[in-house]
Amino acid sequence: MRVRELIAVAALVACSKHHDAPVKHLESDVVPRAQAAVTIDGNWEEPEWSHRAWRAQFTGSDGQLARPSSEIRVLHDDHDLLVALYAADENIETRDAFDFAAGPVSLRVDATGKLTPAVPGVRAKAGLDEGTLDDARDDDEEWVIELAIPLAQIGPSPVAIQAARCDVPKDNVQRCGQWSGRVRLE
Amino acid sequence: MSDLRFAVVGDTRPPNIDDISGYPTSIITKIWQDIDTESPAVPFVVSTGDYMFASTNGTQQLSQLNLYMGARSNYHGTQYPAMGNHECTGATASNCGAGAADGITKNMADWMTMMLQPIGISKPYYTETFTAPDNSWSAKFVFVACNAWNTTQSAWLTSALSVPTTYTFVVRHEGDSALSQTPCSASSSIIAAHPLTLKIVGHTHTYAHYASSKEIVVGNGGAPLTSGNNYGYVLVTRQANGNLLVQEKDYQTGAVLDTFQITPTGAGA
């Protein structure tokens, strides 16, 4: 997919989700600078993630919103690209993971926050909300990955980003969703 | 009411706390519009809880409820809402109400003001009863507030379920799979000791039918989907023979994705 198409997809996804939402950067590919500190601890309750971050929902191969739902939110500070990867998931398992790439940095991060490969300087933490890892007897809700990737490793803006996730819910059918596009840093 | 027909909607919240930008307004609006245009008309809707994701010490309760009620205004019938854990603190284990561990949170107070007060309900748990004009059938809907559980509600539940009706529906946010995490696990034995047609729950953001436990999960009302089901709602329609037809519908296509029939005892028909 060419760069222009990637940007168009990004804008389309952002618009489809947020056409009724009063938030900045909705129709933009600009990743805002965080105005307050974001702690990489797997707990994305900092208001920056909800009120300021650039965001997009994953889509499936049918072009519809991915099921199970996934979402990416992105900020940056002076040192790092800050990424939140959200996964709705009725059965959270250690093997569940996001594949993520920003510029030349490509990695896989699982539901425990484990990075593969371990990239020097990259930090990741996982958080489970109302979830139990590797226990299918109950219904889970969601897990979140917070990532910090040194800007020095990503290269100059704009940055090509790819994020994807496949999941196998309790019906044992694998479903995948992804988002890809190019963003500019504020 | 000439015949028994109602819809079920459940779980409408953004992914993150105080995340009003992520509120699924367009999805829940479409769901209510779909229900409003059903033919024959749907006179009332029961909802399974979780209308917000707001921190109890924050200020987004009313903002998110206003988005919900704005969507809800597309439907011209009556809505009977159950309380979800997000109408307490957000935690499945939370317990709200006067004297309860979490007290009366702003989430709970604003939810009751916005959604229960307009239909004349003053407690988070209540019963609604419908009867055929010729008294040929009656149906009670018993709304359990798992996250406002106390001995008073426990006694009320026993009493409410003891009233004989043709159909008994228990509407509770948390389903059986999550009940052990809630303050109201005792509701399970009370319900088991009384006649039951169908247990209607949410909490899990999907649609599911568990025939063996007479339970449907309707949690696909806009909250991030946890499985492969799409957003949608459920229609329940009484048939001429007294059985109930249950249909789960996709909110985009209107396609019926699941359908089954049950007798008044909840057995498969």
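A:Pro68 sits in the loop between E2 and strand E3 (70-76) of chain A, and a cis peptide bond with omega of about 0° joins A:Arg67 to A:Pro68. Helices (H or I, at least four residues) and strands (E, at least two) are DSSP runs here, numbered from the N terminus. This is a predicted model, where local features need pLDDT of at least 70, side-chain atom pairs count only at pLDDT 80 or more, and totals for chains, interfaces and linings use all residues. Residues are numbered from 1 along each chain as its sequence is written, chains are lettered from A in the order in which they are written, and side-chain values use heavy atoms, with hydrogens and water left out.

A cis bond also joins A:Thr116 and A:Pro117, and A:Pro117 lies in the loop between strand E7 (115-116) and E8 of chain A. Over in chain B, B:Asp18 has a positive phi without being a glycine; look for B:Asp18 in the loop between strand E1 (5-9) and helix H1 (25-36) of chain B. Most residues other than glycine have a negative phi, and most peptide bonds are trans. Here are those backbone spots together.

| Site | Backbone value |
|---|---|
| A:Arg67 and A:Pro68 | omega about 0° |
| A:Thr116 and A:Pro117 | omega about -10° |
| B:Asp18 | phi near 55° |

Now for the interface. Contact (heavy atoms within 4.5 Å) links 30 residues of chain B with 33 residues of chain A. The two chains bury about 2,400 Å² between them, 41% of it on carbon and sulfur atoms; buried area is the accessible area (1.4 Å probe) that two parts lose on being put together, summed over both. B:Asn16, B:Ser21 and B:Thr226 supply 23% of what chain B buries against chain A, more than any other three residues.

There are 4 salt bridges between chain B and chain A, a salt bridge being a side-chain nitrogen of Lys or Arg within 4 Å of a carboxyl oxygen of Asp or Glu. A:Glu142 and B:Arg13 meet in a salt bridge at 2.8 Å, N to O. On the side of chain B that touches chain A, the residues split into 7 nonpolar, 20 polar and 3 charged. Nonpolar means Ala, Val, Leu, Ile, Met, Phe, Trp, Tyr, Cys and Pro, charged means Asp, Glu, Lys and Arg, and the others, Gly among them, count as polar.

Over all chains, the structure holds 24 salt bridges. One of the salt bridges pairs A:Arg52 with A:Glu186, with the closest N and O atoms 3.1 Å apart. A:Arg52 is in the loop between helix H2 (47-51) and strand E2 (54-57) of chain A and A:Glu186 is in the segment after strand E11 (175-185) of chain A, so the pair ties together parts that are 134 residues apart in sequence.
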